[in-house]
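User: Hello! Could you take a close look at one part of this predicted model for me, the helix packing, and then connect it to what lies around it?

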Amino acid sequence: MIALTSTKSNGKKYKKTCLKKSKCTKCQQKCLKKCLKKCKKKSLKDYTKVTIEVPQPKGVKNLPATMYFYIHKSFTDKQQGRITTAISALLDQWYDHFNEKWDGGTNAGTSQLALCTNPYATKKLKPVWSKSSVSNGIAATNLAMNQFTQLIRDNGFKKSPPATIDPRSSTTVYAPTAPTKRRVPLSLQINPKQLDNPALTSLKLTGSVLHSWLHRAGWTDPKITSYFISECPMCVMRGLKPKNSRVRDSDFYKFFD
Ligand SMILES: [Zn+2]
């Protein structure tokens with residue numbers, strides 16, 4: 001953040017911006033007299049800070065002990081519990097991936113997640129920041145889990161902005177695709193109504209959060225059959241089992257955004 005050396009002149013500048021566009025261009029909030037104050041720092045007073053333990057897989061060094069999430073206070077305790085459980089379950093998936101890849105020290109193993117994803121994920125295997133091509137679903141899964149390591153480090157070592165979890169009124173879980181690899185906050189928007197919906201099981205919620213994290217890791221939609229950003233989380237939602245012809249993919253990807 002750039003330090004404001006001359007508050008007075010900056011204040012005038014922002015006030016002008018506010019008057020002109022009726023919205024502050026810095027914080028996108030409604031123009032108030034205190035616009036500048038609000039712009040200086042996103043207030044975290046409306047959030048509950050939640051600390052989540054980072055499991056330590058073999059073969060991955062320099063990991064933080066914990067991650068930090070700021071969950072909006074409008075979520076109920078139960079909803080907050082569901083969110084933190086889903087993030088922990090996602091970290092367990094990431095942990096299992098690296099342990100299985102470690103394979104007793106060769107680091108040449110293939111994880112269950114990669115094996116599950118590989119036959120189904122054939123499209124958009126490459127994240128937006130990657131210059132080289134990605135050969136298959138195994139390579140894409142490895143790349144995604146490596147990028148998760150980066151996101152976890154940046155969060156836990158506080159290199160990225162705080163990861164906020166805000167409520168939204170539509171869909172289930174949303175996060176925009178991040179264009180870069182470093183210092184990307186794991187901020188999400190989650191629909192509280194869906195958290196109260198029994199159709200959204202724990203596995204499905206974990207898959208939905210995984211879909212959003214893949215956006216933060218650089219992968220793009222469409223969120224349909226054959227696309228990596230859809231098939232990889234659908235594997236988690238199926239408990240890493242093969243597809244069952246009696247269950248439609250749309251029953252899973254309807255929880256993606
Ligand atoms: Zn999506």
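**Helix H7 and its surroundings**

H7 and H8 are roughly antiparallel to each other, because the angle between their directions is over 145 degrees. In this predicted model, helix H7 covers residues 202-216 and helix H8 covers residues 228-237, and the two pack at an angle of about 155° with their axes 8 Å apart. The crossing of this pair is right-handed.

Which residues of H7 and H8 meet? On the H7 side they are Leu203, Lys204, Thr206, Gly207, Leu210, His211 and Leu214, while H8 brings Ile229, Cys232, Pro233, Met234, Val236 and Met237. Sorted by class, the residues of this contact are nine nonpolar, three polar and one charged.

As background, most peptide bonds are trans.

H7 also has a contact with H3. Helix H3 spans residues 77-102, and its axis comes within 9 Å of the H7 axis, the two crossing at roughly 70°. H3 and H7 are therefore roughly perpendicular to each other. From H3, the residues involved are Arg82, Thr85, Ala86, Ile87, Ala89 and Leu90; they meet Ser202, Leu205, Thr206, Val209, Leu210 and Trp213 of H7. By class, this contact has eight nonpolar, three polar and one charged residues. Thr206 and Leu210 are listed in the contact with H8 and also in the contact with H3.

Now to the sheet. Five strands form an open sheet in the order E1-E2-E3-E5-E4, with mixed pairing. Strand E1 (47-53) and strand E4 (173-174) stand at the edges; each has a single partner strand, so one side of each is left without a neighbour in the sheet.

Further in, E2 and E3 pair in the parallel sense over three bridges, and Phe69 has Ala163 in E3 as its bridge partner. E3 (residues 163-167) also pairs with strand E5 (residues 188-190), in the parallel sense and over three bridges. There, Pro167 stands opposite Ile190 in E5. Helix H5 (residues 137-156) lies across E2 (66-72) and E3, running at about 75° to E2.

Asn62 has a positive phi of about 60° although it is not a glycine. In general, most residues other than glycine have a negative phi.

Finally, a word on confidence, in case you plan to work with the coordinates. The protein averages a pLDDT of 89, and 84% of the residues score at least 70. Over residues 1-26, however, the pLDDT is below 50, and this stretch has 23 contacts in the model beyond near neighbours in sequence.

Methods:
Residues numbered from 1 in each chain as written. Predicted model: local features only at pLDDT ≥ 70, side-chain atom pairs only at ≥ 80, totals over all residues. pLDDT = per-residue confidence, 0-100. Contact = placed C-beta atoms within 7 Å. Axes fitted to C-alpha atoms, helices over the stretch in contact; angles between N-to-C directions. Helix = DSSP H or I, 4+ residues; strand = E, 2+ residues; numbered from the N terminus. Parallel < 35°, antiparallel > 145°, perpendicular 65-115°, else oblique. Left-handed = near helix turned anticlockwise from the far one by under 90°. Nonpolar A, V, L, I, M, F, W, Y, C, P; charged D, E, K, R; others polar. Pairing = 2+ DSSP bridges.
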